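Me: I have a structure here that is new to me. Can you walk me through it in plain words?

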Amino acid sequence: MACGDGHSLVLNGQRDLLVWGSNKEGQLGFDPQDCPMIASPRKLILYEYMNSSNKETFSKIYAKGQISVLVGAESKIVYISTKNTEEP
């Protein structure tokens, strides 16, 4: 589990990513215009988010402030936020 300022992420036993909380900066991977707040855990299907045909599985997750960082099973790093920041 990882927690930022008002948002949370958790990997379940199948390595699915569940997210909830504030999404005002897009830190949960959904369009903040359409979904600024997610009240209960929602599965993020990242390959749909990234317009990829490959299903990504994750080994580690991190959250800080208004951002989320996901580490793929093959050490691929995905950074999620619409906010322009220098500090991941």
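Me: In S3, what is the bridge partner of Val10?

Reply: The bridge partner of Val10 in S3 is Leu18. This is a predicted model, in which local features need pLDDT of at least 70, side-chain atom pairs count only at pLDDT 80 or more, and totals for chains, interfaces and linings use all residues. Residues are numbered from 1 along each chain as its sequence is written, and side-chain values use heavy atoms, with hydrogens and water left out.

Me: How many bridges join S2 to S3, and which way do the two strands run?

Reply: Five bridges join S2, residues 7-11, to S3, residues 17-22, and the two run antiparallel. Another position in this pairing is His7, which stands opposite Gly21 in S3. Two strands pair if DSSP finds at least two bridges between them.

Me: What lies between S2 and S3 in the hairpin?

Reply: Five residues lie between them, and Arg15 in the turn has a positive phi of about 70°.

Me: Which strands make up the open sheet, and in what order?

Reply: The open sheet has four strands in the order S1-S2-S3-S4, with antiparallel pairing. S1 (2-3) and S4 (37-44) stand at the edges with a single partner strand each, so one side of each has no neighbour in the sheet. S3 and S4 are joined by five bridges, and Ser22 has Met37 in S4 as its bridge partner.

Me: How many helices and strands does the protein have?

Reply: There are one helix and seven strands. From the N terminus on, the elements run β-β-β-β-α-β-β-β. Helices (H or I, at least four residues) and strands (E, at least two) are DSSP runs, numbered from the N terminus.

Me: Change of topic. Which residues have the most contacts inside the largest nonpolar core?

Reply: They are Leu9, Leu17, Val19, Ile61 and Leu70, in a core of 15 residues. S2, S3, S4, S5 (58-64) and S7 (77-80) each supply at least two residues of this core. The largest share, three residues, comes from S5. A nonpolar core is a set of buried Ala, Val, Leu, Ile, Met, Phe, Trp, Tyr and Cys residues joined through side-chain atoms within 4.5 Å.

Me: Leu9, then: buried or exposed?

Reply: Leu9, found in strand S2, counts as buried because its relative accessibility is 1%. Buried means under 20% relative accessible area, exposed over 50%, and partly exposed in between (1.4 Å probe, protein chains only).

Me: What is Leu9 in contact with, leaving aside neighbours within four places in sequence?

Reply: Its contacts (heavy atoms within 4.5 Å) include Met1, Leu17, Val19, Ile61 and Leu70. Leu9 and Leu70 are 61 residues apart in sequence and 9.7 Å apart in space, C-alpha to C-alpha.

Me: Where is Gln27?

Reply: Gln27 is in the loop between S3 and S4. With 0% relative accessibility, Gln27 counts as buried. Beyond its neighbours within four places in sequence, Gln27 is in contact with His7, Ser22, Gln66, Ile67, Ser68, Ile80 and Ser81.

Me: Last one: what sits over the ring of Phe30?

Reply: The charged end of Arg42 does, 5.1 Å from the ring's centre. A charge sits over a ring if NZ of Lys or CZ of Arg is within 6 Å of the ring centre and within 35 degrees of the ring normal.
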